[in-house]
Structure formats: structure tokens, C-alpha cells
Amino acid sequence: MTTTMKAVRLHAFGGPEVLRYEDVPLPRLGPGEVLVRVLAAGVNPPDWYLRDGYTAVPGFNPPVTLPVIVGSDVSGIVAAVADDVRGFTVGDAVFGMIRFPSFGDSAAYAEYVAAPASDLARKPGGLDFVQAAGAPMAGLTAWQYLIALGHDAPNPFQTVPHRPVPLEGRSILINGAAGGVGHLAVQLAKWRGARVTAVASGRHQAFLREIGADDIIDYTATAPETMARDLDLVLDTVGGPSTGRFLRTLKRGGALFPVFLGFQDAQEARERGITVSMAQVCSNGAQLAELGRLLDVGAVRVAIDSTFPLAEAARAHERAASGHLRGKIVLTVG
């Protein structure tokens with residue numbers, strides 16, 4: 001096997017133009033790890049947060065040693081396994097979110113990645129490698145917000161662990177329902193028996209009906225907080241300072257789950273008797289295997305917004321910045 005590979009690295013922080021496609025050393029396999037020949041890599045918000053030097057996250061300045069390979073989500077073929085690894089063999093098709101949360105240690109935008117075996121699951125046979133690469137972070141975020149947390153890592157967003165709420169028979173609104181996390185959250189909520197109101201641009205209406213949304217609010221035509229009432233749960237995959245507007249849509253005892261930082265209305269939430277909770281998504285191969293079973297039988301599907309060759313990662317980040325995504329952006333490798 002060659003000692004080098006192609007990868008996309010940062011040597012400085014900035015816009016998409018700082019992403020460099022270049023030769024780098026092949027990763028070394030450590031204890032408990034699997035070497036994956038990457039066939040596709042998912043593109044996620046933490047990728048451009050890292051690329052920008054986390055300027056989009058005020059007050060957050062994690063240590064990042066440059067140069068660094070971007071990305072966390074992969075699908076591919078097992079090329080080698082460490083001596084202590086059980087459950088995977090050379091030639092297995094796998095997918096996973098690698099070492100997340102991390103700040104440059106995942107190294108997924110590459111031809112090969114050394115991944116902890118515990119972060120991986122077997123790729124469902126009914127899923128191609130592009131779809132599989134689009135599933136891990138978005139799917140695990142939706143899963144750990146709505147179904148089961150799946151880890152005991154300290155919660156960086158609040159002093160108490162995030163706790164999903166029962167969904168069967170409940171009314172849930174998902175903001176950003178056509179996006180990566182949102183479209184998978186719609187399907188998981190339906191799978192668990194919820195009635196789902198999806199908030200997205202009107203051009204996604206047919207797509208959202210296809211994946212199971214019961215009601216759809218076109219935010220470009222109507223403010224969703226003026227339309228929805230007596231909800232049990234709001235999952236706001238857009239988040240930010242405006243997420244507090246959804247408090248008025250919830251019944252007393254309901255819950256608001258912002259996926260991104262920015263909530264500023266804690267006093268109003270207390271007055272309304274509403275729980276506001278956030279979670280940090282973490283790698284979990286076992287949960288990904290559960291999601292994989294749903295993907296394999298078609299109970300949940302991954303929508304692909306667009307694909308780009310690994311060498312054109314900058315274009316993929318430009319597409320992400322343009323917004324209005326339907327599903328996931330994925331890089332193809334090799």
C-alpha cells in the first residue's frame with residue numbers, strides 16, 4: 001500500500017478557498033482502530049465552523065493544530081484492522097461519524113481514515129456509499145435529540161444531560177425540516193408515532209409530504225410561530241437567537257430543542273413552563289447500526305442535495321453557504 005493519499009486540509013482559517021486538496025501521509029492504525037478506504041464523505045456544519053476557525057461560534061476557541069484534515073462523516077471499505085478489533089474484517093462496507101466531537105481529529109475528507117471501531121457500523125446493503133456518507137452526523141443528531149442520547153459525555157450546553165421526550169401520539173414541529181438533520185428528524189418522529197408539522201420553504205412541500213410530514217408551513221409566506229399552537233415539542237434545527245419565537249407555539253409542559261446555539265429567552269420559557277434543552281451529538285456506532293436497519297428497509301431515507309468530487313470540496317462548502325438545502329451534500333472519493 002502507498003504511504004501517501006489525497007486529502008483536503010486547512011493550513012489557515014478562512015472561506016472555502018482555504019481548502020487545499022493535496023498529498024498527505026497515510027494515517028497510522030492505532031489500537032482499537034479500523035482503516036477505511038473512503039468512498040464518500042459527508043459535509044456538515046462543523047466542517048465549515050472548523051474551516052472558519054469557529055468565528056461563527058462566539059466565545060468558542062478550541063485548540064486546533066494546523067494543518068488539519070477537515071470532515072467527520074465517511075462511508076467506505078475496511079482496508080485493515082488493528083489486532084484487538086473484533087466485528088470488522090477487511091472488505092467490509094462501513095459508515096460512521098469519526099471521533100466526534102473533535103476539533104480537527106476526525107480527518108474524513110481523505111482517501112483513507114483511521115477510525116475507532118466503536119464509531120463504525122456496517123453499511124446497509126440497500127444504501128449506496130453516497131447516501132451512507134450523508135447519514136451519520138445528521139442521523140445521529142436527530143436520533144440523540146429525539147430517540148436516545150446514547151452517551152454520558154458532559155453536556156457543554158447545559159449542566160444537566162439532554163433527555164428526549166416520548167413521541168408517540170405527540171405533536172412535534174421541526175424547523176428546517178428539509179435540511180440534513182431536519183429531513184431525518186421528520187422521518188424518525190413519524191416512525192415513533194408523532195404528528196409532524198414541518199417548517200421549510202414552500203418549494204420543498206412535495207418532498208416533505210413524501211417523507212411523512214402531516215402539516216407544512218412555508219416560512220417564506222407565513223411566520224410559523226403564528227400558525228402552530230399547542231405543540232408538545234419543537235425541534236429547531238436552525239436555532240440561533242430567533243429560536244425563542246417557538247415558545248408561544250408550545251403547550252405548558254412542552255419542550256423546545258434548539259440544535260444550534262443562540263437561545264436567549266430563558267425567563268419566558270420558565271414562565272410558560274417549557275423545558276429548553278440541547279445536546280452535543282457524539283459518535284456511536286451502535287446507534288448508527290440501529291439507524292442503518294431503518295435505512296435498509298426504507299423506513300427512513302437519506303436525501304442527497306448534491307455531490308462533489310473530493311478535489312472540489314471548496315465548491316461543496318460554497319453550496320452549503322448558499323443555503324436552502326434539501327438533504328445532504330456529499331463528497332465522492334476515488
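A polar contact is a pair of N or O atoms within 3.5 Å, one able to donate a hydrogen and the other to accept it. The views below come from a predicted model.

**View 1. Arg9 and Glu22 meet through their side chains.** Arg9 sits in strand S1, which runs over residues 4-10. Its relative accessible area is 18%. The cut-off for buried is under 20%, so Arg9 counts as buried. Leaving aside residues up to four places away in sequence, Arg9 touches Val18, Leu19, Arg20, Glu22, Asp23, Val24, Pro67, Val68 and Ile69.

**View 2. Tyr145 and Phe257 form a tilted aromatic pair.** The count of aromatic pairs is three. In the pair shown here, the ring centres of Tyr145 and Phe257 lie 6.3 Å apart. The planes make an angle of 55°. Tyr145 belongs to helix H3 (residues 136-146), and Phe257 to strand S13 (residues 250-258). The pair therefore ties together parts that are 112 residues apart in sequence.

**View 3. Lys123 places its charged end over the ring of Phe129.** The distance from that charged end to the ring centre is 4.8 Å.

**View 4. The largest nonpolar core holds 51 residues.** Tyr145, Leu146, Leu167, Ile172, Ile174, Leu208 and Leu235 have the most contacts inside this core. Helix H3 gives the most to the core, with seven residues. Leu167 touches Leu146, Ile147, Ile172, Ala189, Arg192, Gly193, Ala194 and Leu233, again leaving aside residues up to four places away in sequence.

**View 5. Another core, of 46 residues, lies apart from the largest one.** Its members include Val8, Val18, Val24 and Ala117. Two of these names return from View 1: Val18 and Val24 are among the residues that Arg9 touches.

**View 6. The whole chain gives the setting for the close-ups.** The chain has eight helices and 16 strands. Its radius of gyration is 19 Å, close to the 20 Å from the globule rule for 334 residues, so the chain is as compact as a globular protein of that length. The C-alpha trace spans about 60 × 40 × 40 Å along its principal axes. Of the 334 residues, 55% count as buried. Among contacts with a separation of 6 or more, 64% join residues 24 or more positions apart.

Key
Residues numbered from 1 in each chain as written. Predicted model: local features only at pLDDT ≥ 70, side-chain atom pairs only at ≥ 80, totals over all residues. Heavy atoms only, no water. Helix = DSSP H or I, 4+ residues; strand = E, 2+ residues; numbered from the N terminus. Buried < 20%, exposed > 50% of the residue type's maximum accessible area, 1.4 Å probe, protein only. Contact = heavy atoms within 4.5 Å. Phe/Tyr/Trp six-rings, centres within 6.5 Å; stacked < 30°, edge-to-face > 60°. Lys NZ or Arg CZ within 6 Å of the ring centre and 35° of its normal. Core = buried A, V, L, I, M, F, W, Y, C linked by side-chain atoms within 4.5 Å. Rg over C-alpha atoms; globule rule 2.2 N^0.38 Å.
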